[in-house]
Amino acid sequence: MLLLLPPTFPIPMQEKAVHPGEAALGLRRCGRATAMAASRWAKQGRRVLLAGPAFASAPRRHYKKKWAATTPRISSIRLALQIFDMNYGAQFGSLWPSIRISLLSEQKYGALVNNFSDVLQITQQLEDLNATDFIWESKTVVQEPDSIAQLGASELSSASETQTELSLQQEQPVPSLSPNIKCYTFPKGDISIFHPAKPDVIGILGYYLLDAASILPVLALNIQPDDLVLDLCAAPGGKTLALLQTGCCRGLAANDLSTSRTRRLNDILHRYLPQELQKVVRVTSWDGRKWGELETSTFDRVLVDVPCTNDRHSLREEDNNIFMRMRKGERQNLPRLQLELLVAGILAAKPGGEVVYSTCSLSQLQNEYVIERAVELMAIQYQIEVQVEDLSYFRKLFQSTFSFYPDCRLGELILPHLTANFGPMYFCKLRRMS
Ligand SMILES: C[S@@+](CC[C@H](N)C(=O)[O-])C[C@H]1O[C@@H](n2cnc3c(N)ncnc32)[C@H](O)[C@@H]1O
């Protein structure tokens with residue numbers, strides 16, 4: 001039995017106020033939570049009355065000050081922050097304090113327009129809020145004429161007006177981006193928020209709120225008309241939805257190991273897509289690591305958006321946090337799982353096919369290291385050559401919306417910044433050569 005007493009309460013014989021270590025030890029048999037509570041209260045100088053058989057035989061004195069059970073447990077969020085301070089402090093140097101405070105501040109969202117709803121009404125509604133389509137805006141920076149040919153019909157007229165101006169500004173040809181995707185954001189420094197979308201007359205939602213940086217891996221995938229696409233870790237489905245907005249997928253396999261998350265994915269597809277388009281998507285719940293054996297050399301494009309430390313989430317939510325003690329093994333195993341998923345994704349791509357790997361972590365071990373190991377492994381184990389494609393033009397195209405880390409060697413990394421609090425988002429593009 002455990003009682004919390006006021007400081008002046010008289011304590012009867014055989015029942016006593018205890019040292020924190022004693023409280024924890026005596027009460028361990030009563031259950032861990034009770035022992036922890038007793039220990040915590042005793043440490044705070046509150047008096048704890050312990051009674052009953054569980055405490056009867058507890059030793060009374062001479063405890064080591066640092067008894068393992070009495071070491072204060074730190075929350076998963078705090079542990080995550082400690083680990084980030086140690087690792088990212090070394091990795092990013094003087095940039096870390098700014099990234100840190102941004103990660104701890106309110107995240108910014110983007111509104112991915114649902115092309116299967118009333119687009120004109122939705123875009124007008126978003127523009128009335130003073131939000132702009134950052135993808136459309138990038139086309140006024142530098143654009144290859146070819147990619148203008150891929151725009152949706154509604155955009156063609158305005159695109160041709162700007163084409164002359166664009167060719168004048170053009171310095172180097174810029175590879176094309178996945179077409180037709182529209183994502184609205186508020187300008188840098190504007191911290192307004194979007195309200196959740198409401199269903200239109202036929203019950204379809206007009207936009208999907210997500211971290212706007214997560215559109216970049218989809219743009220990098222550069223979906224072309226009639227492509228067969230695999231989204232290996234798809235749930236809850238923000239990127240799947242973006243892939244479908246291109247209107248180019250001949251078929252889309254959307255997979256996620258977690259059945260509960262796959263249900264969320266199905267729910268999103270129902271809320272955003274007309275029925276006939278839902279048939280284009282094949283939803284499965286398989287272990288993505290096996291995909292290379294299941295459907296090898298099949299897809300034109302593969303998105304491998306792997307599970308990761310999800311840095312922003314890990315500093316916000318205790319619930320299901322990857323830094324929970326009981327998930328330590330899982331956390332340490334992440335780079336291996338990520339590597340296996342990426343290798344499976346490359347094997348599932350056709351020779352000549354393109355694969356984009358992405359995480360929402362700043363960790364080098366989960367980002368560039370995984371890419372390096374995958375390229376090596378593909379060569380040694382499968383005699384398949386894989387080339388890393390240059391995505392540095394993304395910095396130029398999207399510099400007015402996102403803050404890019406300038407020192408990535410293989411992919412691109414979006415850094416959270418107080419004026420543009422998106423990301424983190426790492427993405428790297430690979431081409432299977434043989
Ligand atoms: C970063 S999330 C994907 C987010 C999703 N692409 C989106 O944009 O909404 C990573 C996902 O990988 C899934 N996952 C974990 N291990 C997997 C595996 N072995 N095979 C397939 N999916 C896996 C998780 O359930 C999780 O939903």
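Here is a short chat about some charged pairs in this predicted model.

Me: What makes E106 and R316 a salt bridge?
Reply: Their closest N and O atoms are 3.7 Å apart. The cut-off is within 4 Å, so the pair counts as a salt bridge. The two residues sit in distant parts of the chain, 210 residues apart: E106 is in the loop between α5 and β3, and R316 is in the loop between α15 and α16.

Me: Is E106 called buried or exposed, and why?
Reply: E106 has 56% relative accessibility. Exposed means over 50%, so E106 is exposed.

Me: And why is R316 called partly exposed?
Reply: R316 has a relative accessible area of 46%. Buried needs under 20% and exposed needs over 50%, so R316 lands in between.

Me: How do you know that D300 and R250 form a salt bridge?
Reply: From N to O, their side chains are 3.9 Å apart. That value is within 4 Å, so the pair passes. D300 belongs to strand β10 and R250 to strand β8, 50 residues apart.

Me: Why is D300 called buried?
Reply: D300 comes out at 13% relative accessibility.

Me: What makes R327 and E330 a salt bridge?
Reply: Their N to O distance is 2.7 Å, and within 4 Å is what's asked for, so they qualify. R327 is buried at 15%, while E330 is partly exposed at 42%.

Me: How many salt bridges are there in the structure?
Reply: The structure has 18 of them.

Notes:
Residues are numbered from 1 along each chain as its sequence is written. This is a predicted model: local features need pLDDT of at least 70, side-chain atom pairs count only at pLDDT 80 or more; totals for chains, interfaces and linings use all residues. Side-chain values use heavy atoms; hydrogens and water are left out. Helices (H or I, at least four residues) and strands (E, at least two) are DSSP runs, numbered from the N terminus. Buried means under 20% relative accessible area, exposed over 50%, partly exposed in between (1.4 Å probe, protein chains only).
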